[in-house]
Amino acid sequence: MLAAVAALLTEGQEKGSQRIASARLTAAYREGLSSSAVDTKAYLAARLPATYAAVQAVLAEVKRLRPDFRPGTMVDAGAGPGTGSWAAASWWDSLSSFTLVDRDARFLALAGKLLAGSDRQGLAAARLLSGDIAEIAVRGDLVICAYALAEIPLERVGIVAERLWQAANQMLVIVEPGTPAGFARILDARRQLLGLGAHMVGPCAGAGHCPLKAPDWCHFAVRLARSRSHMHAKGASVPFEDEKFSWLAVSRMPGAAAAARVLAPPRRIKAGIGLKLCTAEGLAERHVARRDGPAYKACRKLGWGDGLMAEQLTEFDQ
C-alpha cells in the first residue's frame, strides 16, 4: 500500500504544498472536525503511514491468537483510502472478496485509485460502496473499522458497534486513536459487544469489567520509519514516529486469548524487569528478577502491548 501511496503523491504535487496541507490536517483533527474537512493527499502523506502501521500491528496479534481464522470475505467499514483492506490482505491470503464502505466520496475514489494498482486480484476488484457505517448493510467474515468511530458521537458508539457486529460473520476488529477519547469509544463498543455474546480475542485478558480507572486508559504504540515524503509533509527531523492506538477484536467463536497483556513499557532496572499487566483477574504488577534465569530471559523480549499466554504467565509466577 505504501508504495502505491508514494506513487500517487508524486502526481501533480507542488513543492511545499504537502507540508502546508499537513499542518491544516493536524489542526482539523485537533479541532475534532470530520473527514470531510481533510485534504486527502495530506492524509496520505501525514497520517496513513501511522494508521496503517497500527492496523498492521493489531492484525498481527489477531493472527497470532487465532491462527486457524481463515476469512474469505471482508468489509472495510469507514474505509477511508482502504487502509484496513490492504492490511488484512497482507495477513490472510484466504481473502478473495473486499467491500469498502465510506460516506466520503473523495476517500472512496482515492481508495479505488490505489486498489486498482494492486497485484492482488481481490483488492483490485474490490467493491466500493457509499454509505454510513451506522447503516451498514453488507456482511463479511471479517469486518474492520479503523479510525472511523472517532466521528461518531460517544453516545451512539454502542449502537454503531452493534451494527458492525451484525455485519461480521466471524470477527470484528476496531482500531481507534490511542487517546482517552479513542479508548472511551473502544470501551463503549466492548461493553455493547460482550453484552451481545461476542467472544474476546484481544487485547483484554478477560471479558469482565475493565479494571482501568481514569486518568489511565488502555493504549499501545507502534514505531514506524518515516519516508522522505512523510518527513517532508510533517516538517519532521526525526526519521521515525510512534503511533499510539487502542483496539478491540471479538469473535463469534470462543478461542485462544492472552492470559495477560503488558499495559505499559516494561520497567528495566539493574535487579530485573517490572511489568504492568492486565489479567483475567484484573490489574497486576510483576517483577521478574535477573536471577530468575529462564523467566528473566523470556521477559527481556516483552514489549508494551505484548500478550502473554497462560504458560508464560505461570513461568513468571514461579
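Is Trp-92 buried or exposed? I note Trp-92 as buried, because its relative accessibility is 0%, where buried means under 20% relative accessible area, exposed over 50% and partly exposed in between, with a 1.4 Å probe and protein chains only.

Before going further I record that this is a predicted model, in which local features need pLDDT of at least 70, side-chain atom pairs count only at pLDDT 80 or more, and totals for chains, interfaces and linings use all residues. Residues are numbered from 1 along each chain as its sequence is written, and side-chain values use heavy atoms, with hydrogens and water left out.

**Aromatic pairs**

I found 3 aromatic pairs in the structure; rings of Phe, Tyr and Trp (its six-membered ring) pair if their centres lie within 6.5 Å, and planes under 30 degrees apart count as stacked, over 60 as edge-to-face and the rest as tilted. One of them joins Phe-69 and Trp-92 edge-to-face, at 5.5 Å centre to centre with 80 degrees between the planes. This pair links distant parts of the chain, 23 residues apart, since Phe-69 sits in the loop between helix H4 (48–65) and E1, and Trp-92 in the loop between helix H5 (83–91) and strand E2 (97–102). Helices (H or I, at least four residues) and strands (E, at least two) are DSSP runs, numbered from the N terminus. Phe-69 also counts as buried, because its relative accessibility is 8%.

I then turned to Phe-220 and Phe-245, whose ring centres are 6.3 Å apart and whose planes meet at 50 degrees, so the pair is tilted. Because Phe-220 lies in strand E7 (residues 220–225) and Phe-245 in strand E8, the pair ties together parts 25 residues apart in sequence. Phe-220 is buried at a relative accessible area of 3%, and Phe-245 counts as buried at 4%.

**Helix H8**

In helix H8 (residues 157–167) I listed the buried residues, among them Val-157, Val-160, Leu-164 and Trp-165. The buried residues of H8 pack against strands E1 (73–77), E4 (140–146), E5 (168–177) and E8 (240–251) and against helix H9 (180–195), a contact being heavy atoms within 4.5 Å. Arg-252 lies over the face of Trp-165, 4.0 Å from the ring centre; for this, CZ of Arg or NZ of Lys must be within 6 Å of the ring centre and within 35 degrees of the ring normal.

**Whole chain**
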